[in-house]
Amino acid sequence: MVKHQQDTLAGISRFRLLTDQISSLIIISHSIKVFSSKWALIRNKLNNIISILAVIPPEIQDSADCSLLNDVVQSVEETTQLVHKCIELSYTGKLLMQSDLDIICEKFNAHIKSLCELSSFDCFSPSAIVVSRPATSASNDDLKFYINDQFSRFKIGNFEMKKQALICFNEVIQEDDRWLKIAMEVEGFVHVLVGFLSSKDLGVQEEVLKSLDMICGFELYKGVLLSIGVVAPLIRVLECGSELSKSLSTRCLMKCTAESENAWSVSAHGGVTSLLRISAGECESSGELVGLACGVLKNLVGVDEIKRFVVEDGALQIFV
């Protein structure tokens with residue numbers, strides 16, 4: 001029994017080590033100034049491999065094909081050599097380097113296919129390995145590993161796994177701002193969160209809105225959300241979300257429009273009309289939601305052109 005536990009831990013540790021190696025490779029590859037499009041493609045494939053490794057159940061990790069893992073490790077080592085050649089510009093010719101990068105891409109494609117087959121990819125189930133949440137006093141590396149594990153579940157899990165990962169994420173960011181800082185530094189993390197606003201699963205949509213409401217409370221992070229176009233999907237939630245989703249969406253919009261320069265973005269996507277409909281009770285809205293909608297409108301009418309539109313659209317009669 002003890003030997004089996006040791007073998008299982010060895011399998012998991014091997015996967016953890018490989019994940020760390022790939023993560024380091026992704027980070028250092030950002031220093032490369034040449035062949036940018038090819039390196040972006042390679043990073044995408046490396047992120048896919050990390051995502052797959054993170055959700056392979058322990059029993060499969062324990063019995064994982066060593067030759068397959070060795071092949072992945074070898075490809076990672078080869079890629080590391082290519083990284084250094086590109087950073088130092090020590091390659092012998094552009095055509096040869098482009099060929100080497102194409103070859104490594106094909107290898108990673110094969111590895112992704114093999115890893116998917118290894119896991120049978122019904123692995124997006126509750127049986128997938130769950131990384132224990134580290135203590136708040138843990139190192140940044142441990143916190144980042146946990147965040148990356150949740151990120152993997154965001155990207156490739158089923159609706160239930162995505163929802164549970166979002167619940168875990170919301171719990172940690174409410175405990176300590178350090179979690180949020182680390183998450184915002186993970187490439188693509190915030191884009192996936194915004195993408196969840198269009199989820200057909202209301203549970204996922206509601207949980208991601210809790211995350212975005214928290215993020216919008218930080219000026220720097222709010223700017224990141226605005227720069228990638230968070231306003232349009234927030235407004236779509238006002239049209240077809242649940243009562244909770246609409247309330248959380250208006251909270252986010254209220255924070256986003258605290259500065260008048262962002263008001264135009266709400267107006268441009270039809271947000272003023274949606275907010276007025278909620279205020280008029282057309283959506284059978286609760287008093288809390290109506291109050292939040294009015295709060296956003298209060299921010300918007302600081303812009304004279306929007307104020308005129310609001311008045312012309314019957315706001316005075318609605319408020320009376």
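This section describes a helix pair, the cysteines, the salt bridges and one histidine in a predicted model. Local features need pLDDT of at least 70 and side-chain atom pairs count only at pLDDT 80 or more, while totals for chains, interfaces and linings use all residues. Residues are numbered from 1 along each chain as its sequence is written, and side-chain values use heavy atoms, with hydrogens and water left out.

Helices are DSSP runs of H or I with at least four residues, numbered from the N terminus. Helix 7 (residues 159-175) and helix 8 (residues 177-185) have axes that come within 5 Å and cross at roughly 125 degrees. Helix 7 is therefore oblique to helix 8. Axes here are lines fitted to C-alpha atoms, for helices over the stretch in contact, and angles run from 0 to 180 degrees between N-to-C directions. Angles under 35 degrees count as roughly parallel, over 145 as roughly antiparallel, 65 to 115 as roughly perpendicular, and the rest as oblique. Contact means heavy atoms within 4.5 Å. On the helix 7 side, Phe-169, Val-172 and Ile-173 take part. They meet Asp-177, Trp-179, Leu-180 and Ala-183 of helix 8. The residues of this contact divide into six nonpolar, no polar and one charged. In this scheme Ala, Val, Leu, Ile, Met, Phe, Trp, Tyr, Cys and Pro are nonpolar, Asp, Glu, Lys and Arg are charged, and the others, Gly among them, are polar.

The cysteines were examined next. A disulfide is a pair of cysteine sulfur atoms within 2.5 Å. By this rule the count is zero. Cys-252 is in no disulfide, and the nearest cysteine sulfur, that of Cys-216, is 4.3 Å away. Cys-252 is buried, at 0% relative accessible area. Buried means under 20%, exposed over 50% and partly exposed in between, with a 1.4 Å probe and protein chains only. Cys-256 is also in no disulfide; the sulfur of Cys-216 is again the nearest, 3.9 Å away. Cys-256 is buried too, at 1% relative accessibility.

The whole structure holds twelve salt bridges. Each is a side-chain nitrogen of Lys or Arg within 4 Å of a carboxyl oxygen of Asp or Glu. Lys-222 and Glu-259 form one of them, at 3.1 Å from N to O. Lys-222 lies in helix 11 (residues 219-227) and Glu-259 in the loop between helix 13 (243-256) and helix 14 (263-268), so the pair ties together parts 37 residues apart in sequence. Lys-222 is buried at 4% relative accessibility, whereas Glu-259 is partly exposed at 22%.

Glu-288 forms a salt bridge with Arg-251, with the closest N and O atoms 3.0 Å apart. Glu-288 belongs to helix 16 (residues 287-300) and Arg-251 to helix 13, so this pair ties together parts that are 37 residues apart in sequence. Glu-288 is partly exposed at 48%, and Arg-251 is partly exposed at 33%.

Asp-304 and Lys-307 meet at 3.9 Å, N to O. Both lie in helix 17 (residues 304-312), three residues apart, about one turn of the helix. Asp-304 is partly exposed at 44% relative accessibility, and Lys-307 is partly exposed at 39%. Elsewhere, Arg-133, Glu-171 and Glu-175 are linked in a network of salt bridges.

His-111 lies in helix 5 (residues 94-119). The His-111 residue is buried, with a relative accessible area of 8%. Leaving aside neighbours within four places in sequence, His-111 is in contact with Ile-49, Asp-71, Val-72 and Ser-75.

Note on methods. Helix = DSSP H or I, 4+ residues; strand = E, 2+ residues; numbered from the N terminus.
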